[in-house]
Every structure is written in structure tokens, then in C-alpha cells.
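Please keep the sequence and the model in view while reading.

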Amino acid sequence: MSLRVVTGVTVGAGVALGAYVAFNNSAAARKAEKKKRKEKRKIVVLFGPPGAGKGTHAPAIVQKLAIPQLATGDMLRAAVSAGTAVGMAAKAAMDAGALVTDEIVVGIIADRVKETDCGKGFILDGFPRTVKQAKMLDDMLLHDGESVARVIELQVPDAVLTERICGRWVHKASGRSYHVKFNPPKSLQGSPPSVDTMKDDESGESLMQRSDDTAEALVSRLSAYHAQTVPVLTHYGAKKVVQVDANRDMPAVWTDIDAATTFDLMRQ
């Protein structure tokens with residue numbers, strides 16, 4: 001009987017071939033199963049101009065799909081705090097007064113979505129903002145055989161957004177969003193809005209207003225949104241993009257979002 005050496009061990013040719021095939025079949029099976037699991041992840045991009053209601057409706061999507069909402073700012077701060085390689089690269093850029101590059105941001109996202117809470121998928125809020133970023137995100141996901149499953153665009157006329165923006169308050173720790181008129185916290189009870197009267201319904205902690213939630217800042221923010229972000233919708237196309245009229249009452253808006261995120265009834 002002829003002899004062969006496989007990985008430094010002398011064995012019979014038939015045994016060696018059988019072990020080699022079994023090993024490769026097992027490895028291929030593991031790779032296929034890993035790819036199959038990842039393909040099932042629900043990857044959602046939440047779009048909309050400032051004040052469209054992303055912060056209001058995202059928690060409901062999180063609860064429904066049991067996947068986390070990932071905001072780029074939060075991920076960036078967490079990566080810097082954790083001292084990861086991309087986090088330190090981001091810190092160096094910020095310390096130098098430079099912008100954090102798209103490559104660094106995508107690297108931070110790539111690290112974050114490997115965590116166990118993203119096992120079923122994740123919601124990207126605030127990214128991608130440009131077609132270049134969308135293509136970089138696509139390449140990152142394609143590396144593991146994945147792609148964005150749904151892009152939900154919340155549409156609100158520009159004229160309506162000023163009132164929404166200027167009355168918006170947020171809970172910094174959770175991202176929960178409130179509005180003095182349209183979605184007031186229980187603590188307000190008709191009083192003038194302030195840090196003493198605007199409290200988070202769940203934690204009781206004070207809410208805050210973003211420094212750029214002003215009528216003046218909104219003009220430039222909307223200009224940037226229409227010029228850079230809207231073309232991303234064209235990039236993903238009609239098969240993945242679901243447009244939701246968010247200039248309605250909250251239950252009506254949620255009905256459409258609910259339908260858009262019912263993946264077993266819609267083609268991914």
C-alpha cells in the first residue's frame with residue numbers, strides 16, 4: 001500500500017484522502033453556515049432630514065426587530081473610549097483639528113457590527129450620508145456576503161421642519177426624542193419647556209436640546225441633506241428604498257414603517 005505525508009503525519013493514502021476531504025467539507029460547511037447566518041441579518045438604513053422623526057420611530061424598530069440602533073456619533077465616542085485601533089485613529093484626527101475620514105468611520109462600523117447584539121442585524125442612523133460612504137459601506141458588507149436590506153426614508157416638507165426642530169428635546173443616554181408640541185414628555189404637563197420640566201419618561205433624567213437645533217442652523221443642514229444625502233437613495237434604488245410620508249400623526253407613520261420592516265412579507 002502506498003504511503004503519503006499529510007501535515008507532517010504519515011498515513012495510508014486512502015485514510016489521508018478521506019481525512020482531507022472530510023476536513024475540507026467540514027470547513028466549507030462552517031463557511032456556508034456562517035454566510036447563511038449573516039445573510040439573514042436585517043440591515044436597515046434610516047434616512048430623513050433633521051426633524052423627520054428618526055429618533056422618535058427608531059426605538060420602535062429596535063423593539064420590533066430586536067436589533068440595535070447605531071448612530072455614528074455614539075459609535076465614534078465608544079471606539080475612542082475603548083481605545084480601539086480605529087478609535088485611536090479617530091482621536092488623533094480630532095485632536096489635530098481634522099475631520100474623521102470616511103475610512104475611519106467605516107472601520108468603526110465594521111468593528112461595532114461584529115458585536116453579539118448585532119447578530120440579528122442593525123439599524124444605521126446617520127450613515128451613509130454620501131454616495132461615496134454608501135459604496136464603502138456596501139464593500140464592507142459584501143466582504144461577509146451581506147448587503148443593506150432596507151432603506152427607510154422619512155419624508156417631511158422643509159417648511160414643516162423648523163417647528164419640529166426648534167421644539168425637539170432628546171434624552172442623551174438613550175437617544176429617545178421628544179417634542180414640546182407633538183410628543184411631549186409626561187413631565188411637561190403644560191409648563192414652559194426647560195431642563196426642569198422636560199424629563200425622560202423612562203429614566204426621569206433631564207432632556208437636552210442640540211446646539212444646532214435652531215432655525216438658522218437648519219437652513220445649512222437641509223441644504224447639505226438635499227445635496228449629498230438624497231442621491232444615496234438613488235444609489236440603493238427602488239427595490240430597497242421605502243419612502244414614508246412622515247408628515248402625519250405618529251400611528252399612521254408607524255403603520256408604514258412597520259410594513260417596511262416586516263421582512264418575511266417583503267422581498268429583501
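Helices, here runs of H or I of at least four residues, and strands, runs of E of at least two, are taken from DSSP and numbered from the N terminus. In these terms, Gln 189 has its place in the loop between β8 and α8. The model is a predicted one, and its protein chain holds nine helices and nine strands.

**Confidence and overall make-up**

- The pLDDT of the protein chain averages 85, and 84% of the residues score at least 70.
- Over residues 1-13, however, the pLDDT is below 50, and this stretch has 12 contacts in the model beyond near neighbours in sequence.
- Of the 268 residues in the protein chain, 38% are buried.
- Among the contacts in the protein chain with a separation of 6 or more, 69% are between residues 24 or more positions apart.

**The five-stranded sheet**

- An open sheet is formed by five strands in the order β4-β5-β3-β6-β9, and the pairing is parallel.
- Its edge strands are β4 (69-71) and β9 (241-245), each of which pairs on one side only.
- On average, and with direction ignored, neighbouring strands of this sheet are turned by 25° against each other.
- Between β4 and β5 the parallel pairing extends over three bridges, and Ala 71 stands opposite Asp 125 in β5.
- Strands of a sheet pair through backbone hydrogen bonds, in either a parallel or an antiparallel sense.
- Helix α2 (residues 54-65) lies across β3, β4, β5 and β6 (150-155), and runs at about 170° to β3.

**Helix α6**

- The buried residues in α6 are Gln 133, Ala 134, Met 136, Leu 137, Met 140 and Leu 141. Because they cover an arc of only 165° around the axis, they lie on the same side of α6.
- These buried residues of α6 pack against β3 (42-47), α5 (102-112), β5 (121-125) and α8 (215-236).
- Asp 139 and Leu 142 are exposed residues carried by the face of α6 that is turned away from its buried side.

**Helix α9**

- In helix α9 (residues 250-260), the residues Val 253, Ile 257 and Ala 260 are buried. They cover an arc of only 55° around the axis and therefore sit on the same side of α9.
- The packing partners of the buried residues of α9 are α2, β6 and β9.

**Two buried positions**

- Gly 53 lies in the loop between β3 and α2. With a relative accessible area of 16%, Gly 53 counts as buried, because the cut-off for that class is under 20%.
- Although Gly 53 and Ala 246 are 193 residues apart in sequence, they are 7.3 Å apart in space, C-alpha to C-alpha.
- When residues up to four places away in sequence are not counted, Gly 53 touches Leu 154 and Arg 164.
- Ser 177 is found in strand β8 (residues 177-179), and its relative accessible area of 11% makes it buried.
- Leaving aside neighbours within four places in sequence, Ser 177 is in contact with Gly 55, Thr 56, Arg 168, Trp 169, Val 170 and Asn 183.

**Backbone positions to check**

- Most residues other than glycine have a negative phi, and most peptide bonds are trans.
- Ala 66, in the loop between α2 and β4, is not a glycine and yet has a positive phi of about 60°. Its relative accessibility of 46% means that Ala 66 counts as partly exposed.
- Gln 189 likewise is not a glycine but has a positive phi of about 45°. Is Gln 189 buried or exposed? Gln 189 has a relative accessible area of 70% and is therefore exposed.
- The peptide bond from Phe 127 to Pro 128 is cis, with omega near 0°, and Pro 128 lies in the loop between β5 and α6.

Methods:
Residues numbered from 1 in each chain as written. Predicted model: local features only at pLDDT ≥ 70, side-chain atom pairs only at ≥ 80, totals over all residues. Heavy atoms only, no water. Buried < 20%, exposed > 50% of the residue type's maximum accessible area, 1.4 Å probe, protein only. Arc of directions from axis to C-beta. Contact = heavy atoms within 4.5 Å. pLDDT = per-residue confidence, 0-100. Pairing = 2+ DSSP bridges. Axes fitted to C-alpha atoms, helices over the stretch in contact; angles between N-to-C directions.
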